[in-house]
Amino acid sequence: MEKWMLIDGNSIIYRAFFAIPPLTNSSGSHTNAIFGFTTMLLKLLEQEKPTHVLVAFDAGKVTFRHEGYAEYKGGRQKTPPELSEQFPVLKELLGAFNISQYELAGYEADDIIGTLTKAADDKGVETFVVTGDKDMLQLASEKVTIAVTRKGVSEVDLYTPEAIQEKYGLVPMQIIDLKGLMGDVSDNIPGVPGVGEKTALKLLHEHGTVENVLANLDKLKGKLKENIETHKDDAEMSKKLATIFREVPFEKSIDELSYAGYDGPKLAEAFRKLEFKSLIERLQLGAEAGDMEEEAQAAAADLSIHVIESEQHKEALDRLVDILGKTDKNGLYIEAIGENPHHAELIGLAIAAEDAVFAMPYSVIKQPFAAKLRDWLEQADKPKYGFDLHKVELALKWSGIGFEGSAFDVQLAAYLLDPTEASQTLSGINEKQGLSLLPPDEAVYGKGAKFKVPDADTLYRHLSLKAEAVRKLVPLLTEELSNTGMSKLYFDMEHPLSRILAGMEFQGIKVKSEELEALGRNLEGQLTTIISNVYKLAGMEFNIGSPKQLGEVLFEKLGLPAKKKTKTGYSTDAEVLEELAPYHDIIPLILHYRQLSKLQSTYVEGLLKEVRKETGKIHTYYRQTIAATGRLSSQFPNLQNIPIRLEEGRQIRKAFVPSEPGWSIVAADYSQIELRVLAHIADDENMKEAFIHDMDIHTKTAMDVFGVTAEEVDSNMRRSAKAVNFGIVYGISDFGLSQNLGITRNEAGKFISDYKEVFKGVRQYMLDIVQQAKRDGYVATLLERRRYLNDINASNFNLRSFAERTAMNTPIQGTAADIIKLAMVHMDATLRERKLKSRMLLQVHDELVFEVPQDELELMKTLVPEVMAGALKLDVPLKADMSFGDNWYEAK
DNA sequence: TATTTCACG
DNA sequence: ACGTACGTGAAATAG
């Protein structure tokens, strides 16, 4: 069975262009319309499975329609150059799809499609027309379905003659009469003035055609009659213009339209140029084993790889060490398998230097004949250029090998250059920098359950390619850091910090397992009681931990009012449950259950699993290349979200203790760092004044916003002021604030405008920073850390609003992150210079945690806050509060 | 693997 | 008119 798919190329690409936010590839070519077109095409090919496909395009500016009416399509905006440039690329892409295309001077795409649907009607071939233009509905027939795009290009409405009847009460051919009467602004077809869709439909339901309407003018009256009478010619001409010409001299044979699938490699190549990575993945064009193998081999062909596996290869190893001694340029890649560097398995490494690459299994490092290479790794004056050296350093340390002389990290640099790039993989960075292909790790190792270390030769080759990529990337990224003003940020802060983090992580923090276990037993008992009470109140047993089952019990069985919905069902989050509390006694129990089971699973059981048996310590892994704002993140386990707000959870902190007897935990946190940063950045005199006098900022805010004295500020006013301050930092909206405070949007809006009246500098900052982001495409912190905001000029309100809030928040959160990172670098240097035994253990965004011996306690109590406060000079003082105790709980 | 919920700043 | 607070990670359930 044949099935044709006919696509109105111009109409779809136009629609796609306006529906998809601007996209460019790294060479600056616009690709959004092509992307939209392609995703729609792929979807329809899959859904409709056509045997024949044709994309028709308009050709030339003048068509036969202009002969009778020169203004046809007049008044249209010129095609934007951002779209024009995409036409040739799209046409080339269709080539890779093996889809035929057709255009003919003097005719529009509609006419070509009209001609083909006529043939389809004659032959009785099922046909599917894709367009963004409702004019085409006139072509619908028993065999011909018209798909009109909706919501941009992501969805289509299908029009059969029945559907048209249902929607308009017309047969397909009457669509031209409809256009004849109502006209079409976009094509500059006049129609009859004063006649819109409603009136036109009414007239046609009565009289059927334009001609009949004109013949029956006497049955009309008033202004309508007058209008039609005077614009009779317009109506007839408009109808003619709207009529699709179905006799185009179509010179292809139908066979030429046949579609048998796309050309995989060609399409992959085209997508690569366009940088449509998601589409490459979706069609699995990238990871075809055979291709990859070939490409990797080709890429490795120019590389002279020296494998060092045993003492037999001592000569090669000596040569390597010799080269490393002579040059200070190299590329080091050490492969550590596993996400957690504290448990990663080192399997091999490669070093690129001058024009050779040396690859070896990791075991070689441990052998006597490799002593010189070990020395090289451990010597601080021998620079190493690598990828994710933070992880490498940790993995090496655990295996008993030191690592010094880290000079540059490609991953860390790439993160600074674009912190929003999701996966900072070497392959991705390589591609972005336009270097020759480096197969992604997935292609070599497989992913998920299929992960497997390949045979030795494949591994050596892959590691060699990576080492070579590192070597080539170092100068490119160094240059880019310099071009973007981030060299200092990199070399003075981020890079040194990565070494400090590795030290903190390897050091670890002591955890008393008995403490956690005791807490766990207590929780266990409480949970058992709560569960049985919940079952009683529910009248049945179910899994309280399942939002689905809980939703059914609460909203169906117990008939409580459902408030919010998630995409899969009822929402049962704490906010919803708190509102339901007055309705049923089961609610507080469920909230309590949630709270305790979170403690039990995440914090008691979760943390216990991470305690090293040998040392009784937990070693978190701070990730420096994840957060878009420049903050650190913490994994395996996350020690940046240990409970503190509720007393029951706070108990967890009692298990975090010093690792040596008699030592103390010292914790210091910045006071209001984000608002202080805001006062500085926004240069807001009133807010700066408040901090210069070290006032309680929330009380001060309440005083100014409500116009009262300090004594008159009650707890409710302070709470509101605090919420507004938070909101300001997040990029406020009246809705967000109203949600947070449980007040109406109007009230929230009033708060915000009052606030902005009081803090005029803040208001100006919010306006300026968004403006600046729209102009530059990025925002920056005080230390010049950048974050690009791709959606800042999006036409989609949601995306744009999100980007605007991010523009307001990132310089604040990011500068605060810069400051504590700076404090960590200073603190580390101070501890070293003074040869102190105290150790920096943890960072929690605005807090640093140390373990401190007795004889240094008094010193550290003043030193830590001093160093933190002095990390960066702002127009307002920075302040850090210090506390100490026998464990993290006591240090409050 | 995706979704929901909740812990932190 | 649009539908929202900013930044993270982990655990459990469900598909």
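Helices (H or I, at least four residues) and strands (E, at least two) are DSSP runs, numbered from the N terminus. The model is predicted, so local features need pLDDT of at least 70, side-chain atom pairs count only at pLDDT 80 or more, and totals for chains, interfaces and linings use all residues. Residues are numbered from 1 along each chain as its sequence is written, chains are lettered from A and ligands numbered from 1 in the order in which they are written, and side-chain values use heavy atoms, with hydrogens and water left out.

**Stop 1: the domains**

Colour chain A by its domain assignment: domain 1 (3-257), domain 2 (288-484), domain 3 (511-618) and domain 4 (677-815). These bounds come from an automatic or database domain assignment. Between the C-alpha centres of domain 1 and domain 4 there are 48 Å.

**Stop 2: around DNA strand C**

Select DNA strand C and the residues near it, where near means that a heavy atom of the residue lies within 4 Å of the strand. The selection holds 36 residues, and the closest are Ser546, Ser633, Phe636, Phe735 and Arg787. Of the atoms of DNA strand C within 4 Å of the protein, 58% belong to sugar and phosphate.

Which helix gives the most to this surface? It is α36, with seven residues. Other elements that supply at least two residues each include α25 (547-557), α27 (586-610) and β16 (633-635).

Now colour the surface by class. Ala, Val, Leu, Ile, Met, Phe, Trp, Tyr, Cys and Pro count as nonpolar, Asp, Glu, Lys and Arg as charged, and the others, Gly among them, as polar. The surface near DNA strand C has 11 nonpolar, 19 polar and six charged residues.

An N or O atom in the side chain of arginine 745 is 3.2 Å from a base oxygen of DNA strand C.

**Stop 3**

Serine 634 lies in strand β16. A polar backbone atom of serine 634 is 3.5 Å from a sugar or linking oxygen of DNA strand C. Is serine 634 buried or exposed? Serine 634 is buried (under 20% relative accessible area; exposed is over 50%, partly exposed in between, with a 1.4 Å probe and protein chains only), at 7%.

Move on to proline 637, in the loop between β16 and α28 (647-650). The peptide bond from phenylalanine 636 to proline 637 is cis, with omega near -5°. Most peptide bonds are trans.

**Stop 3: a ring pair**

Rings of Phe, Tyr and Trp (its six-membered ring) pair if their centres lie within 6.5 Å; planes under 30 degrees apart count as stacked, over 60 as edge-to-face and the rest as tilted. The count by this rule is 18 aromatic pairs. Select tyrosine 107 and phenylalanine 245: their ring centres are 5.7 Å apart and their planes at 15°, so the pair is stacked. The two residues are 138 residues apart, and the pair links distant parts of the chain. Tyrosine 107 is buried at 19% relative accessible area, whereas phenylalanine 245 is partly exposed at 30%.

**Stop 4: a positive phi**

Finish at lysine 49, in the loop between α2 (32-48) and β2 (52-56). Lysine 49 is not a glycine, yet has a positive phi of about 45°. Its relative accessibility is 60%, so lysine 49 counts as exposed.

Terms used. Polar contact = N/O pair within 3.5 Å; in protein donor to acceptor, adjacent residues only side chain to side chain.
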